[in-house]
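I opened the notebook to look through one chain, piece by piece. My entries follow the order in which I looked things up.

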Amino acid sequence: MMKSQNDLYYLTRMYERILDEVDVGIHAVDETGKTIIYNKKMMQMESMDLHDVIDKNLLDVFMFKDDQSSTLVKALHEGKITRNVKQTYFNNKGHEITTINNTIPIYTAEKLEGAVEIANDVTKLERLIKGNMNKGSTKYTFDKIIGKSPAIKEVIEAAKRATRTSSYVLIVGDTGTGKELFSQSIHNGSARLSGPFISQNCAALPDNLIESLLFGTKRGAFTGAVDTPGLFEQANGGTLLLDEINSLTLNLQAKLLRVLQEKTIRRIGDTKDTPVDVRVIANMNEDPIDAIAHQRLRKDLYYRLGVVTIFVPPLKDRKEDIPLLVENFIEKYNERFQMNVKGLSEEVKSSFLEYDWHGNVRELEHIIEAAMNIMMDEEYITYSHLPYQYRNKMQLKERMMPLSTVETFLKGNSENTVPLKDQMELFEKTYIEHVLSKHDFNISRAAKSLGLSRQSLQYRMKKLTIETK
């Protein structure tokens, strides 16, 4: 059945969309070596734009090392499929790219029409491996953890007790609570102090890269693969921090569990196990029970890691520590910015104690830093110095009716069950009357407080039969 030109257009657009959504690079050339397909992932991997590559000969755009040739050109010349070939080459700006490629010649009626390459980026992996070779310095100890509240003191004491052994530790806490501080402090307070401390965020890389990074690779695992130690081998005799452990797939969690149980690792492509002496500290930003229930964490891995489990409290549960934290951050940025800020205004102090701090200690530090960036010769941080996002959140909170007020309203109107629409209208009318009364029935001020235009408030008043006084 013949397709219309319109059908072919939409079919082509569909194919292009699919190619741009897949998480591998796809690069296809015709029989002359001219690029005909170049998807979005390939652009990201090679830091190139579509117009840099499309309709151009491959060898006019990319440069290859003397001892290597293009796997795409090789497929055109030899007509052979190659699997898992590691290739290092340079883009049009001279930046080095490393990929692992599967390259397939394309035939039509036994005639070679071109070739397609499916590539996985390992440039980031190789940089991380080189970077992790130099890791190991830690700067945090328990005396650097700021706070005197009972909540934080209890956690500090529990973490100090964990320094006496080499058992695995699981640290649970919201983003920004300071899990990294506790991880480094446990390492620096333990007998492994002289050993390496290596940290890896498990959410930062896709699974095919994180597995190589953790366990290493063996020469010959794939074409071009070399002997590379993973993070477990690099951390031997010390501590390995795995941040956001719950972001690993369950399959990779199973492999990690085996390493923790057997205390040996097997590099990708190797046939023998290598013993490792590593203390693993794992961090996560959600309750492990919730993570298990939603299949983001294996139950057996939780039991293995959670020999010692430490829950770091959010800042909203230790607000008495806010003045100490503020003092520390002001001192830090006074030194960094060569300033002489003395503290917070009374208005800001009260505001900080009322705020919920969803970003925790990290959010508090960022607000102090942002405020001091726009200050001139002032000695105190005032409300006007605070970032717009923070002021906007506080104003929204001030406009919200307290839950107790809502509960009182419902108790006073709970004799009969009424349709939700009627109950919502009654509540809206009651609340608007409450705000109007608060502003002496000045419609402009009431509208501003409600976050409405004057016309919108007047419309609601007419609809709900609210009389002005």
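**Entry 1: a strand under cover.** I needed a cut-off before starting: a residue counts as buried when its relative accessible area is under 20%. I then looked up strand β1, residues 25-30, and found six of its six residues buried. Which residues point one way from β1, and which the other way? G25, H27 and V29 point one way. I26, A28 and D30 point the other way. I noted that this is a predicted model.

**Entry 2: the partners of β1.** I looked for the strands that pair with β1. Strand β6, residues 111-121, pairs with β1 in the antiparallel sense, over six bridges. Here I26 stands opposite I118 of β6. Strand β2, residues 35-38, also pairs with β1 in the antiparallel sense, over three bridges. I found A28 opposite I37 of β2. Between β1 and β2 the hairpin has four residues, and G33 takes a positive phi near 95°.

**Entry 3: an open sheet.** Next I traced a sheet of five strands. In what order do the strands lie? I read the order as β8-β11-β14-β7-β15, with parallel pairing. β8 (197-201) and β15 (308-311) stand at the edges with a single partner strand each, so one side of each has no neighbour in the sheet. From one strand to the next, the twist averages 15°. I then checked β7, residues 169-172, against β15: four bridges join these parallel strands. V169 stands opposite V308 of β15.

**Entry 4: one glutamate.** I picked E365, which lies in helix α16, residues 360-374. Is E365 buried or exposed? Its relative accessibility is 16%, so E365 counts as buried. Leaving out residues up to four places away in sequence, E365 touches F329, K332 and Y333. With Y333 there is a polar contact between side chains, at 2.8 Å.

**Entry 5: the whole chain.** I stepped back and looked up totals. The chain has 21 helices and 17 strands. Of its 469 residues, 42% count as buried. The chain exposes about 26,600 Å², and carbon and sulfur atoms supply 51% of that area. Among contacts between residues at least 6 apart in sequence, 63% join residues at least 24 apart.

**Entry 6: confidence.** I checked pLDDT last. The chain averages 85, and 87% of the residues score at least 70. Over residues 132-136, pLDDT stays under 50. The model has 12 contacts for that stretch beyond four places in sequence. Where pLDDT is low, the predicted coordinates should not be read in detail.

Methods: Residues are numbered from 1 along each chain as its sequence is written. This is a predicted model: local features need pLDDT of at least 70, side-chain atom pairs count only at pLDDT 80 or more; totals for chains, interfaces and linings use all residues. Side-chain values use heavy atoms; hydrogens and water are left out. Helices (H or I, at least four residues) and strands (E, at least two) are DSSP runs, numbered from the N terminus. Buried means under 20% relative accessible area, exposed over 50%, partly exposed in between (1.4 Å probe, protein chains only). A polar contact is a pair of N or O atoms within 3.5 Å; within protein, one must be able to donate a hydrogen and the other to accept it, and residues adjacent in sequence count only if both atoms are side-chain atoms. Contact means heavy atoms within 4.5 Å. Two strands pair if DSSP finds at least two bridges between them. Axes are lines fitted to C-alpha atoms, for helices over the stretch in contact, and angles run from 0 to 180 degrees between N-to-C directions. Accessible areas come from the Shrake-Rupley method with a 1.4 Å probe; for residues, only the protein chains shown count as cover. pLDDT is the predictor's confidence in each residue, from 0 to 100.
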